[in-house]
Amino acid sequence: MTTSERLEGWRANGVITEAQHATLSEIVRRDRFSLYVELNAILYIGVIALVGGIGWTFRDYVANLGDSVILLILALLMALSFGYCFAKAPAYSNDETESPSFGFDYVLYFACLVLSATLAFIETRFALFHGWDTHLLIAALVFGVLAYRFDNRFVLSLALSTLAGYLGLKLGFDTIHGQQLRIAGFFYGAFLIGIGVLLKRLSIKPHFLDVYLQLGANAVLLATISGVFHADTGWVYLAVLLILSALSIYLGIRFKKFAYVAYGTLFGYAGFSIKVLEAASDATFALAYFVVTGSIVVFALVVVARTFGRDE
């Protein structure tokens, strides 16, 4: 019996109404589909483009406008956007709260970007913070507070990413191939995972856990795979990477989180491929390796993704 036939039977038996039958039938026939993700992506890109356009204009006309006028405009934009957010947002709660309006999240994101642009302008023109690392730290702390106050995962991701940038500048990106930054990245990822689990146990925005886990897992895996390139200890890092990748895949399957299955598979495959290509001197072999193994990896991920979709 097809899904359409089942819907017809439910309608005939009074299980669903005519309106529900019509709506569900359109979904089954794929006459309608959700554009929620696509629209959100377009709107967020639009916010970034708008702030970028403002920054571009100020850069080109800074001599004509003057620092005072630019700071006044930026302060006005922040006051309006943050004022709207504080006026419309419900009271703080440790539990998940619904956004008060469709455009609320975009206004908040716009306000955060304007704040970041303002701090960058102040540092560029006046060197008030005596270094970009201080600017990033201030932005990360403010974004973190705003993320919890307004229950916004996207702003939390912005805060944690900005904090990672601060740590990178503090240590010096010129040591990107060195042990110092690699270890810092590993511990930063472990810290995110640990703080996310702790806050969940304390029931402080427990739904934020996935943000901490996503960024933490990527930081740990990135730090580990960077060590695979090392000539002396590359094989040790590869062994650690494969263990972490297997753990990510196992936990992803156990808790039905496909993203972690993908992370573990792709990072493990990339690390293993690095060592294979280092040993291979034949271009034909390298091409055949990527065609065969790459196809297997993609096929396996598709099968797992479809399995997750059926389970849910």
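**Exercise 1. Salt bridges**

How many salt bridges does the count come to? Locate each one and describe its partners.

*Solution.* Start with the ground rules. This is a predicted model, where local features need pLDDT of at least 70, side-chain atom pairs count only at pLDDT 80 or more, and totals for chains, interfaces and linings use all residues. Residues are numbered from 1 along each chain as its sequence is written, and side-chain values use heavy atoms, with hydrogens and water left out.

Step 1: apply the rule. A salt bridge is a side-chain nitrogen of Lys or Arg within 4 Å of a carboxyl oxygen of Asp or Glu. The count comes to 3 salt bridges.

Step 2: take Arg 153 and Glu 96. Their closest N and O atoms are 3.4 Å apart. Arg 153 is in helix H7 (residues 153-171), while Glu 96 is in the loop between helix H4 (67-88) and helix H5 (104-126).

Step 3: take Lys 205 and Asp 151. Here the closest N and O atoms are 3.5 Å apart.

Step 4: take Glu 278 and Lys 275. The closest N and O atoms are 3.2 Å apart. Both residues lie in helix H11 (residues 258-279), 3 residues apart, about one turn of the helix.

Step 5: Buried means under 20% relative accessible area, exposed over 50%, and partly exposed in between (1.4 Å probe, protein chains only).

- Arg 153 is partly exposed, at 36% relative accessibility.
- Glu 96 is exposed, at 52%.
- Lys 205 and Asp 151 are both buried.
- Glu 278 is partly exposed, at 48% relative accessibility.
- Lys 275 is buried, at 5%.

**Exercise 2. Aromatic rings**

*Solution.* Step 1: set the cut-offs. Rings of Phe, Tyr and Trp (its six-membered ring) pair if their centres lie within 6.5 Å; planes under 30 degrees apart count as stacked, over 60 as edge-to-face and the rest as tilted. The structure holds 10 aromatic pairs.

Step 1: read Tyr 260 and Tyr 263. Their centres are 5.9 Å apart and their planes make 90°, an edge-to-face pair. Both lie in helix H11, 3 residues apart.

Step 2: read Tyr 289 and Phe 290. This pair is also edge-to-face, with 5.5 Å centre to centre and 70° between the planes. Tyr 289 is buried at 11% relative accessibility, whereas Phe 290 is partly exposed at 37%.

Step 3: look for a cluster. Tyr 84, Phe 86, Phe 104 and Phe 150 form one.

Step 4: find the charge. It counts if NZ of Lys or CZ of Arg is within 6 Å of the ring centre and within 35 degrees of the ring normal. Arg 182 lies over the face of Tyr 237, at 5.4 Å from the ring centre.

**Exercise 3. Nonpolar cores**

Which residues have the most contacts inside the largest nonpolar core?

*Solution.* Step 1: define the set. A nonpolar core is a set of buried Ala, Val, Leu, Ile, Met, Phe, Trp, Tyr and Cys residues joined through side-chain atoms within 4.5 Å.

Step 1: name the centre. The largest core has 37 residues, and Phe 143, Leu 156 and Tyr 212 have the most contacts inside it.

Step 2: trace the helices. H4, H5, H6, H7, H8 and H9 each supply at least two residues of this core. The largest share, 12 residues, comes from H5.

Step 3: find the other core. Apart from the largest one lies a core of 11 residues, including Leu 221, Val 228, Tyr 237 and Ile 274.

Step 4: list the neighbours of Tyr 212. Contact means heavy atoms within 4.5 Å. Leaving out residues up to four places away in sequence, Tyr 212 touches Tyr 148, Leu 156, Leu 160, Leu 192, Ile 193, Ile 195, Gly 196 and Leu 199.

**Exercise 4. Glu 123 and the whole chain**

Is Glu 123 buried or exposed?

*Solution.* Glu 123 is buried, at 8% relative accessibility.

Step 1: list its contacts. Glu 123 touches Leu 128, Phe 129, His 130, Gly 131 and Trp 132, not counting residues up to four places away in sequence.

Step 2: survey the chain. Helices (H or I, at least four residues) and strands (E, at least two) are DSSP runs, numbered from the N terminus. The protein chain has 12 helices and 0 strands. Of its 312 residues, 36% count as buried.
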